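Subject: Structure handover

Hello,

Please find the structure below. Have it open while you read the notes under it.

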Amino acid sequence: MSDEKQVCFMCGITEDENVLIPCRKSGQEQWVCVRCLPPLIHGQH
Ligand SMILES: [Zn+2]
């Protein structure tokens with residue numbers, strides 16, 4: 001068991017503040033929040 005908090009790799013928000021979704025990039029497991037997910041899908045920066 002771990003109480004390590006996951007954070008969004010885009011904005012740094014924690015899982016306490018928003019819903020985080022697991023994703024992968026460059027072979028690394030990352031977490032992204034639902035606010036950052038739409039621009040990520042549309043390829044915006
Ligand atoms: Zn985010």
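Here is what was found, from the overall picture down to two single residues.

First, some ground rules. Residues are numbered from 1 along each chain as its sequence is written. The model is predicted, so local features need pLDDT of at least 70 and side-chain atom pairs count only at pLDDT 80 or more, while totals for chains, interfaces and linings use all residues.

**Confidence**

The mean pLDDT (the predictor's confidence in each residue, from 0 to 100) of the protein is 89. A value of 70 or more is reached by 89% of its residues. Where pLDDT is low, the predicted coordinates should not be read in detail.

**Elements**

The protein has one helix and two strands. Both kinds are DSSP runs, numbered from the N terminus: helices are H or I with at least four residues, strands are E with at least two. The order from the N terminus is β-β-α. Strand β2 (residues 28-33) has the highest mean pLDDT among the elements, 94. Helix α1 (residues 37-42) has the lowest, 88.

**The hairpin**

Strand β1 (residues 20-25) pairs with β2 in the antiparallel sense, over six bridges. Pairing here requires that DSSP finds at least two bridges between the strands. One of these bridges joins Lys-25 to Gln-28 in β2. The two strands form a hairpin with two residues between them. Ser-26 sits in the turn and has a positive phi of about 55°.

**Burial and contacts**

Of the 45 residues, 9% count as buried. Buried means 20 or more other C-beta atoms within 10 Å of the residue's own; exposed means 12 or fewer; partly exposed lies in between, and C-beta atoms are placed from the backbone. Two residues are in contact if their C-beta atoms, placed in that way, lie within 7 Å. Among contacts with a separation of 6 or more, 18% join residues 24 or more positions apart.

Val-7 lies in the segment before β1. Is Val-7 buried or partly exposed? Val-7 is partly exposed, because 18 other C-beta atoms lie within 10 Å. Leaving out residues up to four places away in sequence, Val-7 touches Gly-12, Ile-13, Thr-14 and Trp-31. Trp-31 is 24 residues from Val-7 along the chain, yet their C-alpha atoms are separated by 6.3 Å.

Met-10 is also in the segment before β1. Met-10 has 15 C-beta neighbours inside 10 Å, so Met-10 counts as partly exposed. With residues up to four places away left out, Met-10 touches Val-32 and Cys-36.

Best wishes
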